[in-house]
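Please find below my notes on the two-chain model that you passed on to me.

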Amino acid sequence: MNIHEYQTKELFRSYKIPVPEGGMAHSANQALSVAEQLGGDGWVVKAQIHAGGRGKAGGVQLARTLEEVQNHAESLIGSRLITRQTGEAGRLVNRVLVEQIHQIDREYYLGIVIDRGTQRITLIASAAGGMEIEEVAKHSPEKVIREIVDPAVGLQDFQCRKVAAGIGVGGKEIGKLGRIMKRLYRCFRDNDALMVEINPLVRTGEGEFLALDAKMTFDGNALFRQGDIADLRDFDEEDPKEVEASGHDLNYIALDGSVGCIVNGAGLAMATMDAISLYGGRPANFLDVGGGASPEKIANAFRIVLEDPNVKVVLLNIYAGINRCDWIAEGIVKAMAELTVEVPVVVRLAGTNLEAGREILVRSGLDYIHADRLSDAAEKSVEAIREVVA
Amino acid sequence: MSILVNRDSRVIFQGFTGQHATFHAEEAIRMGTQVVGGVTPGKGGQVHIDRPVFDTVQDAVTQAGADVSVVFVPPPFSADAIMEAIEGGIKVIVVITDGVPVQDMVRVKRYLIGHDAIIVGPNTAGVITPEECKVGIMPAHIYPKGRIGIVSRSGTLNYEAVEQMSELGLGVSTSVSIGGDPVNGCDFLTLLKQFADDDETEAVLMIGEIGGAQEVEAAAWARDHLNKPLIGFIAGATAPPGRRMGHAGAIISGESDTAQAKMQRLAELGVSVVQNAAEIGKTVHYSLK
């Protein structure tokens, strides 16, 4: 789960991680009053969306006068910002963050992730701040410093000193930066984060460190014990269909093809999409109905897949382990009775109670395309589209 | 032989008296698995599906000789249950639970150091040695006994592969699903090493997916050390970057995470790579000739 920059910075404040003075605004007038309260002679107005690449897309604007603050806020709020991470549709900007400008002396990168290789929490730092860390790691890996944390004792002072030295920080600043690292680690650990990134972490003209930009991702599986974090979820930033699907305990991700997929298990769902593509089609979505799929769940899956106007055929591929083919079949019958299904439906069932499932489908008199195997299912779906188009 | 579990394994279920654990314990017993009891704190001394219930794993080990545990404990309490099993002396811990917080698994993995146990999962379909022992939620009847070792992330894609193989007369020595989490109990490499030493396993099928480097690490080891055919498949060639595809760990975070990049690395390392999931069975069959 992601949160906005202004929310991350509020969380940082509670951990005494230094961030620029600033405030969030829903309107140009609010932005103006935030800037007035902040005072000074320069501000930055930042669009608040859950996507990177805002700067290059014009989502971060500098203002030298209060009037400029208001104008920038006016043009950003309500606009759709298109960044390299949003896709063509862009993302609606509902709020901006207004902050004081600081004189910047140096830019660093500081982040924490759960490293999959070592399976440990890992601190990452670089003197090449302001650039994407993946790019730095690719072109000059020696500039990326990594420090693995032993979960039994947590991040130690000596590790912070090592990292500080590694990115060229010396003197009294070693201690200052070390304190920020330890606070960031506590913030990461306490809140069940998966990733936190300060890019850039700057040293100001006054010799202070400040988190100029901040990004944080949390473990969706830990929200049961992170109520305050769960409250920060912004549903406007998510695909409404994905939200609806998750309400039905379905895992749905919209794609841009025409074969609607309903599958059980994430691995089989991906493999089914891949097979469709190998036979010349394109999947319209990823959808995992999970284990123990009731007829209602299957019916909901159908409805969600069919809401996508690009869907020209539905492929249902279920390998029942803890699922039961008879329940799945009942779900198909239920869905096709309740919904107007105007596209061909290809059904491949296998596993537990297969015969009972097939019998239900045959007896129902439904018009569907039967498939025995995965290859069959993928091929027949793609053929069905060709026939529809022809 | 086989790996991890066999007819001599003495299995307990943690979270024994819950609905799902009960159902799957009964299924395991039906297949001939030696289920020697289970653990539900507070219900020690009771009898459930004709088996003793213990308050602690320690009791199950000392009183019933348990050496394998299947964990059905809900996510908030899973890490505690796994560490209890490690400390109690269980050798193979299979964690079925989906949704265990990642940082809990980081701590569990730290706790595991110095203990002689293997954790499979979380979020796994489990382990099966056909006709001997089933510690998981897979349908036992689709697994014929044979000489192919399987290690996969996914459960249902594992079933798919087994069906394709059995149509060609190929059976399974042991099948392990390691689960879809980014920090998991054991990786592909750990299991390839076990299969390398198993005389009953003639070839190994590795079914991975996008995200992480475990499949490539395992293949790199296998090139020099596994003296049997290794067949590989990576799911997620059509997955968009940056999205979690159902499994918490199935996410493309960088170029090396893509299915295409991983399959290419596997091929370079001498793995027989399957491009189309519908041809897993065939590829295994050819690799044996």
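1. About 30 Å³ of space lies in the second largest cavity, whose lining is made up of Arg116(A), Arg153(B), Pro182(B), Gly212(B), Ala213(B) and Gln214(B). A cavity here is a set of points, on a 1 Å grid over the protein atoms alone, where a 1.4 Å probe fits but cannot get out, and a lining residue has an atom within 4 Å of a point. Volumes are the space filled by probe spheres set on the points, with grid points joined across faces, edges and corners. By class, this lining has two nonpolar, two polar and two charged residues, where Ala, Val, Leu, Ile, Met, Phe, Trp, Tyr, Cys and Pro count as nonpolar, Asp, Glu, Lys and Arg as charged, and the others, Gly among them, as polar.

2. The structure is a predicted model, in which local features need pLDDT of at least 70 and side-chain atom pairs count only at pLDDT 80 or more, while totals for chains, interfaces and linings use all residues. Residues are numbered from 1 along each chain as its sequence is written, chains are lettered from A and ligands numbered from 1 in the order in which they are written, and side-chain values use heavy atoms, with hydrogens and water left out.

3. The lining of the largest cavity has five nonpolar, one polar and one charged residues.

4. Between the chains, 49 residues of chain A are in contact with 55 residues of chain B, contact meaning heavy atoms within 4.5 Å. The two chains bury about 4,100 Å² between them, 57% of it on carbon and sulfur atoms; buried area is the accessible area (1.4 Å probe) that two parts lose on being put together, summed over both. On the chain A side, Arg116(A), Gln119(A) and Tyr319(A) lose the most area to chain B, together 20% of what that side buries.

5. Most residues other than glycine have a negative phi, and most peptide bonds are trans. A cis peptide bond joins Asn199(A) and Pro200(A), with omega about 10 degrees, and Pro200(A) is found in strand E10 (residues 193-204) of chain A. In chain B, a cis peptide bond joins Gly121(B) and Pro122(B), again with omega about 10 degrees, and Pro122(B) is found in the loop between E7 and E8 of chain B.

6. Helix H9 (residues 266-278) of chain A packs against helix H5 (residues 156-167) of chain B at an angle of about 65 degrees, with their axes 6 Å apart. Axes are lines fitted to C-alpha atoms, for helices over the stretch in contact, and angles run from 0 to 180 degrees between N-to-C directions. Gly267(A), Leu268(A) and Ala271(A) of H9(A) make the contact with Thr156(B), Leu157(B) and Glu160(B) of H5(B).

7. Chain B has an open sheet of seven strands in the order E3-E4-E2-E1-E5-E6-E7, with mixed pairing; two strands pair if DSSP finds at least two bridges between them. Strand E3 (47-48) and strand E7 (118-120) of chain B stand at the edges, each with a single partner strand, so one side of each is left without a neighbour in the sheet. E3(B) pairs with strand E4 (residues 51-54) of chain B in the antiparallel sense over two bridges, and Val47(B) has Pro52(B) in E4(B) as its bridge partner.

Technical notes: Helix = DSSP H or I, 4+ residues; strand = E, 2+ residues; numbered from the N terminus. 1 Å grid on protein atoms, 1.4 Å probe; cavity = no way out; pocket = protein on both sides within 12 Å on 5 of 7 lines; lining within 4 Å.
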